[in-house]
Amino acid sequence: MSDISKNLQQQIVSACEEKRALRIAGGNSKTFYGNTVVGEAINISGHRGIINYAATELVITARSGTPLQEIKAALAEHRQMLAFEPPQFSDSATIGGTVACNFSGPRRAYAGAARDFVLGCNIINGKGELLSFGGEVMKNVAGYDVSRLMAGAMGTLGVITEVSIKVLPVPEIEITLAFECSARKALDDMHRWSRLPLPISASCYDGDRLFMRLSASENAVDAARKQMGGEKVAAAKDYWKKIREQQHAFFNSDKPLWRLSVASNAPPMHIDGKCLYEWGGALRWLESDESATEIRKQARAAHGHAILFRDMEGTANGEKFHPLSLGLQRIHKNLKTAFDPAGILNPGKMYPEL
Amino acid sequence: MSTLNTHAVDKQKLIKQLQHIMPARAVLHQREDLRPYECDGLSAYRELPLVTVLPETLEQVQAVLKYCYQHEIPVVARGAGTGLSGGALPHADGVLLSLARFSQIIDIDAERRIARVQPGVRNLAISQVAEKFGLYYAPDPSSQIACSIGGNVAENSGGVHCLKYGLTVHNIQQLTLLTIEGELLSIGGGGLDCAGYDLLALLTGSEGMLGVIVEVTVKLLPIPERAQVILAAFDDVAKAGAAVGDIISAGIIPAGLEMMDRLAIQAAEDFVHAGYPANAEAILLCELDGTNEEVSSHVAEVREILKISGATEVRTARDAAERALFWAGRKAAFPAVGRISPDYYCMDGTIPRKQLPHVLKTIASLSKEYDLPVANVFHAGDGNLHPLILYDANKPGELERTEEFGGKILELCVEVGGSITGEHGVGMEKINQMCVQFKALELSQFHAIKHAFDEKALLNPGKAVPTLHRCAEFGAMHVHKGELPFPELERF
């Protein structure tokens with residue numbers, strides 16, 4: 001437990017005065033993600049500790065450097081959880097980094113993303129001002145929703161120092177059903193079931209089989225299982241962990257790993273390589289040597305975008321995220337200026353001009 | 001406010017120009033034609049706009065914005081005008097841009113569970129059309145029969161099912177926006193997230209300050225197989241509040257969880273005869289939904305919890321008719337209070353739920369101090385409190401006293417860690433309380449965000465975010481613990 005926000009603030013104030021770029025670092029579990037930042041490290045991992053957790057209020061507030069593990073453990077004691085099921089990728093992952101990257105796991109399509117659960121944030125903007133937005137209540141429409149804007153901004157608008165997150169009860173019971181089928185059939189089934197009031201909490205097609213997780217009371221899960229059929233998976237918890245943490249055999253490859261966020265019912269893409277489907281078809285992991293231009297073209301045609309998630313060779317620096325339209329680029333640059341006029345916070349982490 | 005107020009607009013020239021953009025019948029400028037637009041749902045604030053326009057095409061809206069941008073004319077966008085915070089209050093020197101004619105449901109994609117709609121589509125109309133696919137749109141503000149989806153996005157509207165199903169921000173996927181320059185932007189995407197910053201979140205609840213929404217893609221959910229309502233009576237509001245925590249601690253997230261206090265119960269009962277226990281200090285309405293099996297087990301569990309929490313009576317609706325009746329009392333709470341008082345003023349604070357007994361006690365003593373009765377209706381699940389202050393606008397000074405009392409309630413919400421507005425927005429109404437909720441640096445950050453979208457400050461000027469000068473003036477009246485708020489500002 002320690003509060004180093006004054007220290008962090010001081011570092012940012014001097015960097016701003018001297019126009020020195022800062023590279024924001026937490027647990028270093030996600031350094032592979034995004035473009036490389038050249039700058040002096042500002043380390044958040046010392047700023048840690050759970051500040052408030054009231055299980056009956058369904059909210060936890062923690063300093064941003066608090067390890068995700070510590071938060072999950074505190075919640076588990078009260079049979080609660082982070083419903084967006086974030087990946088860790090390493091034991092050192094922090095809650096601040098998780099929110100900054102808006103990383104969400106298998107439950108995302110059914111419960112919401114990290115951004116959906118953010119209730120409030122304290123940040124230090126690029127001028128070194130410590131600001132507080134949102135709060136610990138579920139409903140709050142006072143002022144612009146800066147807290148949610150921080151989710152996924154990768155620190156380019158401000159360093160998150162504290163975050164309040166809505167939490168949910170752990171479901172009474174979870175089972176996973178498996179179905180052998182083609183990708184086309186898997187997409188059809190996921191869509192057919194998602195239109196029915198079934199307690200689905202995760203879905204994944206890994207190339208051979210479709211896995212559907214059900215979470216609810218025991219009788220509800222039983223009833224849904226009868227309706228859906230399939231074969232009950234024995235080590236289901238481990239399966240979803242491997243999907244979430246990218247430890248599943250699919251991810252064991254040297255090829256560039258692309259993350260495609262597309263219309264869920266887009267047909268399987270015609271790209272050389274392997275594809276794993278999550279989130280009812282809306283998230284597709286692609287391992288392929290195909291050109292960025294082609295992959296982005298197909299993602300766009302499927303009403304979505306493509307991120308180069310892991311790039312073993314590191315040749316695509318500066319171009320990992322999907323290009324923005326000119327109009328959006330202008331708004332993004334204006335927002336960057338609004339929060340970080342000197343351009344010192346994680347410059348280039350998302351886009352070269354931010 | 002900026003220099004805009006003193007900027008003289010040539011009304012005749014403006015009308016002529018607007019009539020070039022759209023048919024003359026879509027440009028209202030006579031006093032009697034403008035009258036229906038002088039206020040929104042908060043009728044205590046009124047102002048006539050210079051002109052009201054009712055465009056029918058995207059190109060017309062675009063042309064209006066381009067013209068206003070070029071000539072520095074303020075623009076206030078308006079949906080159905082049901083907002084409760086004066087967010088659509090016209091600007092005396094500006095154009096009121098009504099989006100009422102954008103009322104088409106463009107497409108429902110049942111497979112992807114989304115609906116593409118124009119901003120003037122009524123909230124309830126989406127669910128009515130989606131019903132044939134077994135789907136519905138979850139956020140259900142009480143005004144859902146009349147309010148439009150564009151306004152819902154602008155205000156980030158909630159409703160009684162927020163705890164489980166979220167607010168508007170959780171239930172939309174894509175927006176098409178026109179900037180003040182008339183540039184068309186597509187925000188969000190066809191997938192569950194999009195490239196770049198989460199502008200979808202930033203724009204939701206931005207109260208028409210950042211752009212004009214011209215299309216919304218909402219997410220739809222499968223209609224739950226079954227919903228059931230339990231009514232519990234308590235002889236003490238604190239016990240009712242604690243019972244809510246007990247239900248949630250048991251791992252159950254009800255679809256709706258509403259509380260009413262004695263005065264609200266009595267008013268509702270006299271009005272709709274919902275069968276509420278008339279001598280209860282508080283009642284809880286707990287709606288459980290989901291699969292048939294799950295609802296059965298949760299109903300049994302919740303009944304048990306409520307009894308242990310000290311409920312004096314627990315009833316489960318026997319059939320759909322009784323369920324509707326239980327809800328009718330709650331849904332009619334506002335008009336019911338309207339029957340027992342010439343006027344009422346609805347507040348919209350949120351608080352951490354555990355603060356409920358303290359907050360209700362303080363409101364009761366303020367009620368004595370101001371000599372104005374208060375009925376409390378509470379979205380108990382998510383901490384959103386709607387105290388209704390009963391007053392008579394015809395009595396001199398009573399509206400002013402009511403507003404001051406209301407302001408005190410909101411400041412109390414902030415003091416206990418809550419917010420001045422849960423779902424109605426800041427608009428014109430709570431502009432002073434924004435100075436209590438936020439520090440000068442945060443307000444400056446909001447102004448910088450506004451500037452990033454609207455550098456000339458033409459969209460809905462003067463709303464949602466107070467100027468620091470306004471706060472300095474307001475703060476002078478409310479010196480907290482001897483500290484001068486906004487000390488960095490010059491006094492005037």
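## A walk around chain B

Start with the sheet in chain B of this predicted model: four strands make an open sheet, ordered β1-β2-β4-β3, with mixed pairing. Colour β1 (27-28) and β3 (75-78) of chain B next. These two sit at the edges with a single partner strand each, so one side of each has no neighbour in the sheet.

Next, bring in the helices. Select residues 11-21 of chain B to see helix α1 packing on the sheet, where it touches β1 and β2 of chain B. Line up your view with β2(B), and the direction of α1 makes about 10° with that of the strand. Then pick residues 58-71 of chain B: helix α3 lies across β2, β3 and β4 of chain B and runs at about 160° to β4(B).

Last stop, a helix pair. Select residues 237-249 (α8) and 292-308 (α10) of chain B; their axes come within 9 Å and cross at roughly 140°. That angle is why α8(B) counts as oblique to α10(B), and the crossing of the two is right-handed.

Which residues of α8(B) and α10(B) meet here? Show side chains for A243(B), D246(B) and I247(B) in α8(B), and for V302(B), I305(B) and L306(B) in α10(B), which they meet. Colour this contact of α8(B) with α10(B) by residue type and you get five nonpolar, one charged and no polar.

Technical notes: Residues numbered from 1 in each chain as written. Chains lettered and ligands numbered in written order. Predicted model: local features only at pLDDT ≥ 70, side-chain atom pairs only at ≥ 80, totals over all residues. Pairing = 2+ DSSP bridges. Contact = placed C-beta atoms within 7 Å. Axes fitted to C-alpha atoms, helices over the stretch in contact; angles between N-to-C directions. Parallel < 35°, antiparallel > 145°, perpendicular 65-115°, else oblique. Left-handed = near helix turned anticlockwise from the far one by under 90°. Nonpolar A, V, L, I, M, F, W, Y, C, P; charged D, E, K, R; others polar.
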